[in-house]
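User: I want to learn how to read features from a model. Can we go through one together?

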Amino acid sequence: MTDPRPKRPARPTSQPGHKTGPKAGPRPGPKAAGKGRGAPDTHTPTTQRLFFALPVPADVTPALVAAQGKLRGNWRPVPADQMHVTLAYLPAVPHDRVDDLKKLGTRLFTDAAPLDLSLRGTGYFPNEGSPRVWFVKVEAEGLNELAAALREGIQALGLSTDDLPFKAHVTLARKKGPAPRVPPILFPEHWTAGSAALHRSILRKTGPIHETVSTFRLRGTPATPAPATEPAPDEAIQETP
């Protein structure tokens, strides 16, 4: 007797070496550069951070490094080879204006005389109650005038500097978390600054690093002090017994 129900079509037999399962689609290609988690940032900034500075010589930095040994907690000391006295900081300089700054530095520093710098005592910025930066003060005759002339020249180029008043110093450490303060330290070190430099500041997770863009020699002649005048006879200083 014939079965009235329609027969189902026979299933095709698998060919040797043929894998059954979901249809394989095209493999995903590599992620585009700059996209995806952990991919390097390919964004190129249109400006850069630059600053003019006087270097701290190698025979002065050992005393500063020794003082850094007193730091405790989350202070991040500045490496000895990056210690400097900032004269002017420019937070956003277009790449095509760097040559203008080089010309300004050449013109200004060539006429400037070498400076006799002296270290003084340590301090904190913005204040001792909430310190973020630990520094040592620097003094020199003519230093304030040189910094003022440099900033005026930068502004004449249509570029901007920071709005902070100039206070000559060498940064010793930056605070990155809870950390005790270091008691005041006085330094007797001094040196003659015969050169300056334009640096690029590059931010890193471990702190900023500095690349030298250009260096300048201070070739001016120091001002000759006015000769002392002899006091008039009636104003002569009398020797005390």
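User: Is His84 buried or exposed?

Analyst: Start with the conventions. This is a predicted model, where local features need pLDDT of at least 70, side-chain atom pairs count only at pLDDT 80 or more, and totals for chains, interfaces and linings use all residues. Residues are numbered from 1 along each chain as its sequence is written, and side-chain values use heavy atoms, with hydrogens and water left out. Now the term: buried means under 20% relative accessible area, exposed over 50%, partly exposed in between (1.4 Å probe, protein chains only). His84 has a relative accessible area of 15%, so His84 is buried.

User: Which strand holds His84?

Analyst: Elements are DSSP runs numbered from the N terminus: helices are H or I with at least four residues, strands are E with at least two. His84 sits in strand S3. The protein has 3 helices and 9 strands. Their order along the sequence is β-α-β-β-α-β-β-α-β-β-β-β.

User: What does the side chain of His84 reach?

Analyst: Look for polar contacts. These are pairs of N or O atoms within 3.5 Å; within protein, one must be able to donate a hydrogen and the other to accept it, and residues adjacent in sequence count only if both atoms are side-chain atoms. The His84 side chain reaches the backbone oxygen of Gln82 at 2.8 Å. The side chains of His84 and Thr86 are joined by a polar contact of 3.1 Å.

User: Which residues is His84 in contact with, leaving aside its neighbours within four places in sequence?

Analyst: Contact means heavy atoms within 4.5 Å. Among the partners of His84 are Phe51, His169, Thr171 and His210.

User: Which residues lie nearest the centre of the largest pocket?

Analyst: First, the method. On a 1 Å grid over the protein atoms alone, a pocket is an open set of points where a 1.4 Å probe fits, with protein on both sides within 12 Å along at least five of seven lines; lining residues have an atom within 4 Å of a point. Thr86, Asp162, Leu164, His169 and Thr171 lie nearest the centre, out of 36 lining residues. Strand S5 (133-139) is one of the elements that give two or more residues to this lining. S5 gives the most, with 5 residues.

User: What is the volume of the largest pocket?

Analyst: Grid points are joined across faces, edges and corners, and a volume is the space filled by probe spheres set on the points. Here the volume is about 1,100 Å³.

User: Back to burial: what about Gln48?

Analyst: Gln48 is in strand S1. Gln48 is buried, with a relative accessible area of 9%. A polar contact of 3.0 Å joins the Gln48 and His95 side chains. Gln48 and Pro91 are 43 residues apart along the chain, yet their C-alpha atoms are separated by 7.0 Å.

User: How do strands S8 and S9 run?

Analyst: Two strands pair if DSSP finds at least two bridges between them. S8 (residues 195-202) and S9 (residues 209-217) run antiparallel, joined by 8 bridges. Leu198 has Ser214 in S9 as its bridge partner. The two strands form a hairpin with 6 residues between them, and Gly207 in the turn has a positive phi of about 125°.

User: Which peptide bond is cis?

Analyst: Most residues other than glycine have a negative phi, and most peptide bonds are trans. The bond from Phe125 to Pro126 is cis, with omega near 0°. Pro126 belongs to the loop between S4 and S5.
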